[in-house]
Amino acid sequence: MKTEGNKNKPEKNKNSLICIDITSEVNVIKNIELIIFDIDGVLTDGTISISETKLQSKSLKLRDLDYLNLMKREGYKIAAITGESGKITEYFQEKIHWDYFREGCKEKKSALIEACHLLHVEPQNTCYVGDGIYDLAALKVAGIAACPSD
């Protein structure tokens, strides 16, 4: 439990996740205009199934696609920046009406800055959701950095 003296200090919960009291960050959350997602490991579960004929498949939850569409209806701009390319990314590009979509990109910080420029959004008014080493630089530039709990 946090005390008044350590109100804004991160603390670890029983699952070893770092928890931060975001009540002091409400203004940052209010200013978010653009939400950027990595795909593999964020919108998919990060696993690859390979058949005997070497076909690859990945899993996603349809409710995640529903939430992306809900964010659009609520007025947020949404973007995807992924290091992957191929049939899976084509599927995501077709299913969601992205404001910005970039595949095959390992320089995600540069892509975030490009998306902000094209969409007229300041980087501090973005939320970036990523899960891997290629996401680190973009996570540091975004107003809010987030990653899946796994």
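Me: How many aromatic pairs does a search of the whole structure find?

Reply: Rings of Phe, Tyr and Trp (its six-membered ring) pair if their centres lie within 6.5 Å; planes under 30 degrees apart count as stacked, over 60 as edge-to-face, and the rest as tilted. Searching the whole structure by this criterion gives two aromatic pairs. In one, Tyr91 and Phe92 have ring centres 5.9 Å apart and planes at 85°, so the pair is edge-to-face. In the other, Trp98 and Phe101 are tilted, with 5.8 Å from centre to centre and 50° between the planes. This is a predicted model: local features need pLDDT of at least 70 and side-chain atom pairs count only at pLDDT 80 or more, whereas totals for chains, interfaces and linings use all residues. Residues are numbered from 1 along each chain as its sequence is written, and side-chain values use heavy atoms, with hydrogens and water left out.

Me: Are the residues Tyr91 and Phe92 buried or exposed?

Reply: Buried means under 20% relative accessible area, exposed over 50%, and partly exposed in between (1.4 Å probe, protein chains only). Tyr91 is partly exposed, its relative accessible area being 30%, whereas Phe92 is buried at 1%. For the protein, buried residues amount to 31% of the 150 residues.

Me: With which residues is Phe92 in contact, leaving aside its neighbours within four places in sequence?

Reply: Contact means heavy atoms within 4.5 Å. With those neighbours left aside, Phe92 is in contact with Ile39, Leu43, Thr44, Leu60, Leu65, Trp98 and Phe101. Ile39 is 53 residues from Phe92 in sequence, yet their C-alpha atoms are 8.4 Å apart. Among contacts between residues at least 6 apart in sequence, 48% join residues at least 24 apart.

Me: What pattern does the secondary structure follow along the sequence?

Reply: Helices (H or I, at least four residues) and strands (E, at least two) are DSSP runs, numbered from the N terminus. The protein has five helices and nine strands, and along the sequence they follow the pattern β-β-α-β-β-β-α-β-α-β-α-β-α-β. Phe92, for example, is found in helix α3, residues 87-95.

Me: In what order do the five strands of the open sheet lie?

Reply: Two strands pair if DSSP finds at least two bridges between them. The five strands of the open sheet lie in the order β7-β6-β3-β8-β9, with parallel pairing. β7 (100-102) and β9 (144-146) stand at the edges with a single partner strand each, so one side of each has no neighbour in the sheet. Axes are lines fitted to C-alpha atoms, for helices over the stretch in contact, and angles run from 0 to 180 degrees between N-to-C directions. With direction ignored, neighbouring strands of the sheet are turned by 15° against each other on average.

Me: Which strands does helix α4 lie across?

Reply: Helix α4 (residues 108-119) lies across β3, β6 (77-81), β7 and β8, and runs at about 155° to β7.

Me: Where does Leu139 lie, and with which residues is Leu139 in contact beyond its neighbours within four places in sequence?

Reply: Leu139 lies in helix α5, residues 136-141, and is buried at 16% relative accessibility. Leaving aside those neighbours, Leu139 is in contact with Tyr128, Gly130, Ala145 and Ala146. The C-alpha atoms of Leu139 and Tyr128 are separated by 5.9 Å, although the residues are 11 apart along the chain.

Me: Which residue lies over the face of Tyr134?

Reply: A charge sits over a ring if NZ of Lys or CZ of Arg is within 6 Å of the ring centre and within 35 degrees of the ring normal. Here Lys106 lies over the face of Tyr134, 4.9 Å from the ring centre.

Me: How many disulfides are there?

Reply: A disulfide is a covalent bond between the sulfur atoms of two cysteines. The criterion is a pair of cysteine sulfur atoms within 2.5 Å, and the count by this rule is zero. Cys116 is buried at 4% relative accessibility, and Cys127 is buried at 13%.
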